[in-house]
Structure formats: structure tokens, C-alpha cells
Amino acid sequence: MRDMLLIALFAFLGAAAAGALGACVLLLIRRRSLIAHLAVVAGVAVAAMLAGTLAVAQAMFLSAHDLSVVTTVVAMAAVVSTVTALLLGRWVVARSRELALAARSFGDGGDFAAPERPSTAELAALSRELEATSVKLAESRDRERALESSRRELVAWISHDLRTPLAGLRAMAEALEDGVAAEPDRYLRQIRTEVERLNDMVGDLFELSRIHAGTLPLSLSRISLYDLIGDALAGADPLAREHGVRLVGDRVEPVPVEVDGREMSRVLGNLLVNAIRRTPADGTVAVSARRSDEGVVLSVTDGCGGIPEEDLPRVFDTGWRGTHARTPPGGAGLGLAIVRGIVEAHRGSAAVRNVTGGCRFEVTLPATDG
């Protein structure tokens with residue numbers, strides 16, 4: 001029993017010494033290539049076996065012939081094991097290099113394509129993660145291109161919409177200054193109207209900038225959609241009468257919600273103005289509110305005749321107007337973008353779909369218990 005313990009002790013000491021030396025080497029070459037690390041790991045395994053075996057052989061007091069035989073056999077096994085480990089290590093490193101080359105496609109704006117040849121489980125898992133990342137990056141690039149396109153459209157529309165009223169204001173101001181205005185009071189009223197339009201446009205831009213920056217302040221309070229819709233309908237009624245459009249509260253349930261009343265009034269106001277201006281005379285704009293599985297759904301249905309299917313995904317984009325503008329004359333395509341921003345700030349969602357004779361804008365808000 002004592003001899004077995006001594007043999008085990010000598011084997012342990014020899015292997016421990018080889019392992020400690022290997023750990024030091026790995027620490028020194030920690031910035032080197034994977035193949036160097038694999039070579040050290042393989043060398044440590046072989047050296048630990050060799051050191052333990054030779055230490056035990058020495059302790060057993062073998063004859064010189066027997067010791068040389070044991071040493072020769074162990075050395076040959078060590079050489080074969082080392083060479084085999086290095087060859088297999090090169091195969092693993094080759095797979096990792098192929099994966100690195102495939103990953104370079106990210107920097108070139110391309111999609112990741114995993115190497116076709118089989119690889120280790122870890123490299124295969126890494127390939128799947130890179131494929132998933134590639135899909136997310138492609139979606140991000142698409143969103144970035146769409147956002148950049150929206151920005152360009154917004155700048156173009158803003159430039160156009162500012163130039164027209166500013167030119168009119170300059171002409172009217174010069175006429176008043178030169179005393180050639182036949183009806184000064186009418187000119188002053190028109191100037192006031194144009195200034196209010198410009199002020200509203202600047203207000204929309206400021207609101208949108210706060211939404212995009214995530215700094216839109218919300219003062220949440222518990223209110224009933226019935227009251228909110230009633231106030232919005234009353235505010236939009238003069239415009240509806242001017243355009244000959246009927247406003248209808250269709251199945252408005254007194255559903256409680258926790259929202260910022262001022263901001264949600266703006267959402268409803270933008271949707272109603274948008275719907276009224278796009279609905280022909282003698283048409284109807286209907287507002288409804290109901291509870292659903294997703295939350296509280298508030299909808300505004302107009303009689304615009306519908307939106308082309310290819311334009312539906314872009315209706316809420318900043319600065320987008322489409323062939324037939326969905327915003328009031330003189331607007332910059334900001335109304336619906338503000339609607340979506342305010343709704344999303346309330347952890348809700350905004351959507352649009354075509355219905356018979358027109359389209360329906362739906363705002364979904366989180367439900368409030370009670």
C-alpha cells in the first residue's frame with residue numbers, strides 16, 4: 001500500500017510540475033495565436049504524462065535496460081501524441097480562420113455566410129450568433145437608410161413650406177411699408193395667419209425633436225377616453241363644418257387610461273385634422289374607443305378613399321407625404337410622425353389600414369385596471 005502511495009505521489013508531482021510550467025507559458029503567450037495556445041496545451045498534456053511516468057520509473061529502481069525501454073516507449077508515445085495534437089489543432093485553427101474571413105463581410109456592408117465545412121460545436125455556435133447579428137445589422141442598415149431618406153424629404157418639404165409664406169410676408173410687409181396696400185387691415189390679418197402657420201410649424205419641429213431625443217415630458221394622469229374624445233371632437237367641429245364633414249363618435253366606451261392629457265389631445269387633434277382634410281364634403285369621420293386584448297384601442301376612420309398598399313408602411317415616417325399629402329396644407333409631414341412618437345412614449349403603438357371607402361388610424365394604449 002505504501003509503494004502505491006509513493007507511486008501516485010511521484011506521478012502527481014511530475015504532472016503538477018508540467019502543468020505549472022504550461023500555465024506560465026500560456027500566461028506569457030496570451031496574446032499569441034490560437035495555434036500557439038493549442039500547441040502549449042497539447043505539450044502540457046504530453047509532458048505531464050511523460051514526467052509522471054519517468055518519475056515513477058526512477059522511483060521503482062528499475063535496471064538500466066528496463067529504464068531505457070520505458071523511456072523509449074514513453075518518448076515515442078509523446079512524440080506521436082504531440083504531432084497528432086498539433087495536426088488536429090491546425091484543423092481547428094483553419095476553421096477559425098475561415099470564420100474570421102467570413103466575418104469580414106460585416107465591415108464591407110455585406111451579409112455573413114458561415115463556412116460550409118464542418119467545425120467544432122463552439123465555432124458552429126459562434127457562426128449562428130454571427131448570422132443572427134448579420135440579420136440585425138441588415139435591418140439596422142435598412143432603418144438607417146429609411147431614416148436618412150425621411151430626413152432628406154423633411155428638409156426638402158420644410159424648405160419649400162417656409163419659402164412660400166416668407167415670400168408672402170415679405171411682399172405684404174413691403175406693400176404696407178410703401179403705403180400701396182389697398183386694404184391694410186386685410187394684409188395685417190393675413191400676416192397674422194401666416195405667422196401662426198410658421199409658429200405651428202416650428203412647434204411641430206420642436207415637439208418632434210424632443211420625441212426623437214427621448215426627452216418628451218409626460219405628466220400622466222387617469223382620465224376617461226370618453227371625455228378626451230369629446231373635447232377633441234368639439235375642438236375639430238369648426239374645421240369639419242368648414243369642409244362639410246360629419247364628425248361621429250362611434251361606440252366610444254368610457255375606458256380609463258393613464259396618459260398625458262395634453263399630449264393625447266394633440267394626438268387626437270392631428271388625426272382628426274388629417275382625416276377631415278382628406279375626407280370629401282358630405283363624408284364622415286368616425287371616432288371610436290374600445291377595450292381589447294392588446295389594451296385600449298382608439299381609432300379614427302375617414303373617407304379618403306384609401307392609401308396605396310405600398311405607402312402604408314411609410315405613413316408615419318417623418319417628412320413623408322406620399323402622392324396625396326396626408327397632412328394639412330402647408331404642413332411638413334410631421335403630424336402623423338408626432339402621433340406615433342407621442343403614442344410610443346406612452347408605451348403604445350400606432351397603425352393604419354385601409355377600410356371600405358377610406359382608412360382607419362388605430363392607436364393602442366396600455367389598459368388601466370378599473
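Is Arg 262 buried or exposed? I looked this up before anything else, keeping in mind that the model is predicted. Arg 262 is exposed, because its relative accessibility is 61% and the cut-off for exposed is over 50%.

**Entry: the partner of Arg 262**

I then checked what the side chain of Arg 262 meets. It forms a salt bridge with Glu 263, at 3.1 Å from N to O. Glu 263 sits in helix H7 and is buried, with a relative accessible area of 2%.

**Entry: a network**

Next I looked for salt bridges with shared partners. Glu 207, Arg 210 and Arg 266 are joined into one network in this way. Arg 210 counts as buried because its relative accessible area is 18%, and the cut-off for buried is under 20%. Its side chain makes a polar contact of 2.9 Å with the side chain of Glu 207.

**Entry: other salt bridges**

How many salt bridges are there by the rule I used? The count comes to eight. A reminder to myself on the background: side chains of opposite charge can pair when their charged atoms come close.

I picked out Arg 192 and Glu 196, whose closest N and O atoms are 3.4 Å apart. Why are these two separated by about one helical turn? They lie four residues apart in helix H5, which covers residues 184-213. Arg 192 is exposed at 58% relative accessible area, while Glu 196 is partly exposed at 41%.

I also noted Glu 183 and Arg 186, a salt bridge with its closest N and O atoms 3.7 Å apart. Both ends have an accessibility on record here: Glu 183 is partly exposed at 44%, and Arg 186 is partly exposed at 42%.

**Entry: helix H7**

I went back to H7, which runs over residues 261-278. At its start, a side-chain oxygen of Asp 260 reaches to within 3.0 Å of the backbone nitrogen of Arg 262. I tested the helix length too. With 18 residues at 1.5 Å a residue, H7 should span 26 Å, and its end C-alpha atoms are 26 Å apart, so the two agree. The buried residues of H7 include Met 264, Val 267, Leu 268, Leu 271 and Leu 272. Glu 263 and Asn 274 are also among them.

**Entry: the second largest pocket**

My last stop was the second largest pocket, with a volume of about 310 Å³. Which of its 15 lining residues are closest to the centre? They are Leu 147, His 212, Asp 317, Thr 318 and Arg 340. I then asked which elements give two or more residues to the lining, and found helix H4 (121-178), H5 and helix H8 (335-345). By class, the lining has six nonpolar, four polar and five charged residues.

Terms used
Residues numbered from 1 in each chain as written. Predicted model: local features only at pLDDT ≥ 70, side-chain atom pairs only at ≥ 80, totals over all residues. Heavy atoms only, no water. Salt bridge = Lys/Arg side-chain N within 4 Å of Asp/Glu carboxyl O. Buried < 20%, exposed > 50% of the residue type's maximum accessible area, 1.4 Å probe, protein only. 1 Å grid on protein atoms, 1.4 Å probe; cavity = no way out; pocket = protein on both sides within 12 Å on 5 of 7 lines; lining within 4 Å. Points joined across faces, edges and corners; volume = space filled by probe spheres on them. Nonpolar A, V, L, I, M, F, W, Y, C, P; charged D, E, K, R; others polar. Expected span 1.5 Å × (residues − 1). Polar contact = N/O pair within 3.5 Å; in protein donor to acceptor, adjacent residues only side chain to side chain.
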